[in-house]
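Hi there,

Here is the structure I promised to pass on. Have a look at it first, and my notes follow below.

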Amino acid sequence: MRDDRENAVVVRELVKRFGDFTAVDGISFEVKKGEVFGFLGPNGSGKSTTIRMLCGILLPSKGTGTVAGYDILTQTEAIKSHIGYMSQKFSLYQNLTVEENIDFFSGIYQIPQEKKKDRKEWVIEMAHLQKYRGSPTGILPGGLRQRLALGCAVLHEPRLLFLDEPTSGVDPINRRRFWDLIYELSEQGVTVFVTTHYLDEAENCNRLGLLYRGELIASGTPEQLKSELTQGTVWEVFCDRPQDAMLELEDQPEIHDISLFGSSLHIVTGDASTTEQRISDLLNRNGYRVDRVERISPSLEDIFVGLIQSKERSLQAQEEVKR
Amino acid sequence: MNFGRISAMTRKEFIHVIRDPRSIILGIAIPVILLLLFAYALTLDVDHVPVMVWDQSDSTASREFISRFKASRYFKIKGRTDNYRDVEQAIDRGDILAGLVLPRDFAQRLEARRPVQVQWLVDGSDANTATIATGYATAVTQAYSEEVVLQDIRKLTGKVLERPLDVRPRVWFNADMESKNFIIPGLIAVIMMVIAALLTSLTVAREWERGTMEQLISTPVKGHELIIGKLTPYFIIGMFDVLLAVLMGKFQFGVPLRGSVVLLFGMAAVFLLGALSLGLLISIFTKNQLLANQLALLTTFIPAFVLSGFAFPINSMPKVVQWVTFLVPARFLVHLFKGIYLKGVGLETLYLEAGLLALFAVAMVGLTLVKFKKKLE
């Protein structure tokens, strides 16, 4: 396998089928060395399946790819010694203590004797586990357990780290801290591939891939996605009965897209000449009292929701053509 | 093969066992309990058969006859009665196994040397015990009537008549003919089989269920290192169980061990390797603790118990079933253990069983290594 100087991960037309179900449907992308690459998508979109194929623990049905320069079809065992992987359940041995878990993974990764102690102390410090060295892992709060799992996954100082929904079920403060750790590793030159379904986390990544129903529907930096993929202008509208308004105005020709964001509406319009006044009038005409209309820059959520809706529309259209 | 990784696996697995009360109970307590329970309960010896007597004759002759039953260690007179109802009820309740009924004219007929019929009512629900007890009763009765006849002859001819034929039994291997000597060696083998497969059947399935296996297979640990690392602690526990069982056999039950101790432990080790791998194989296939547990019980306990020949002789099974027993590895170990324990024989006689046992172990270890994949499905 040729040495790819730029990319840590290269994937071409990757497919994974489970029986009749296609979990990953021909995706292609690369992850550059040293970047934090976010894999974004709703539950069941194929994120975990993809990450498992990259880690060499699941064989693809079709397609090719390399991870750290090793083939994901034929050199899976070589991949395993060059990566760190943290699976969804941050799987540690619950009835082993913190130190025993670290010692176990040290042994499995064959950390040289002279480095073992340093690495262990590094993990304990990084995860703030000084007080819990002898505690069974099962009694640790989620946030600490997750940091310990990260520590165990990077004991052998891999250059490439795969994290599968590392922050699911963790409170916002600990999520923030966890991302600080990811940045720290990234600064040391570690390439981080992380999946998430939190859109706010996606903003933290250098680059993103949006996965939906096994297909990669968009990729790029968060800024690129925002500027290139918004078709039209996004307006934030505060009005009474926003839910009714959304349902009633959905079919208005002027409006590309309308969705509920908390107590406000996000309306996407295609016509550049649209003004606050025209949106306000439109709602008033239909009997809604408008408090405020503001032009906003789109969030990733707007883009993702928009992309998924247009994807679904085109799938529906295809279905109808078939009939 | 990397010994560092194997020892990391082994250490981790040991900690699991020590911290998990279930494993300790299963690994140490259950074998001891089973051994005690079965060794005491599963005696095939028939003695002290409880008998109720209805002596209608109530004469010197009848008391003399009944005293023969009393004197025998095979019978225990549990009561006397004067009606059939009591006998029937006592049999129904299970208080007695048999009733002995002597007719009203017992003494007169015996005096007149006319045939006397003595009634023996036996509970046949346990056919084996009933047959043996009836055999003893017949023997006691025959011995008594023989004596009467011999006395008559002496009176008539003045000569002491010798019995023309006499069996002089000499029992080999289990001279006291105690069933525990025969049961315990086989029992050790059966317990080994059950415990071994049960112990390992959980280990891989548990890791799949808890998600730790996914983590483990993403590391550079090799499949065979994982298997060896997982087998080692249970192998040590299993060998400890054998030691415990052998010591209990010697000191608790006084079962003599005539053959080579080294051969005994060697064969136990070969067998354990196979049985532990079988458990692991079940665990690899099912990936589910409950299913693995039940499958391990089903594939080991019942065949080992019924078809290993530890208590029920294989020779008296139907031919087809006899062939089936060759698929039960415990059969070979039971045979080996009985041979080593009771007959003191070695590999020169037991090579076939030893060979088949080794084949079982090699096949199981091999299959486990082949079937364990560091991949998800």
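**The hairpin and the sheets**

Let me begin with a hairpin: strand 9 of chain A and strand 10 of chain A are linked by two residues, and A:Arg213 there takes a positive phi near 50°. Please keep in mind that this is a predicted model.

If you want a spot to look at, A:Leu210 has A:Ala218 in strand 10 of chain A as its bridge partner. Strand 9 (residues 207–212) of chain A is also joined to strand 3 (residues 36–40) of chain A, by four bridges, and those two run parallel. There, A:Phe37 stands opposite A:Arg207 of strand 9 of chain A. Both kinds of pairing rely on backbone hydrogen bonds between the strands.

Chain A also has an open sheet of four strands, in the order 2-1-4-5, with antiparallel pairing. Its edge strands are strand 2 (21–32) and strand 5 (70–71) of chain A, each of which pairs on one side only. Strand 5 of chain A is held to strand 4 (residues 62–67) of chain A by two bridges, in antiparallel fashion, and A:Val67 has A:Tyr70 in strand 5 of chain A as its bridge partner.

Which strands does helix 1 of chain A lie across? Helix 1 (residues 47–54) of chain A lies across strand 1 (7–18), strand 2 and strand 4 of chain A, and runs at about 120° to strand 1 of chain A.

Technical notes: Residues are numbered from 1 along each chain as its sequence is written. Chains are lettered from A and ligands numbered from 1 in the order in which they are written. This is a predicted model: local features need pLDDT of at least 70, side-chain atom pairs count only at pLDDT 80 or more; totals for chains, interfaces and linings use all residues. Two strands pair if DSSP finds at least two bridges between them. Two residues are in contact if their C-beta atoms, placed from the backbone, lie within 7 Å. Axes are lines fitted to C-alpha atoms, for helices over the stretch in contact, and angles run from 0 to 180 degrees between N-to-C directions.
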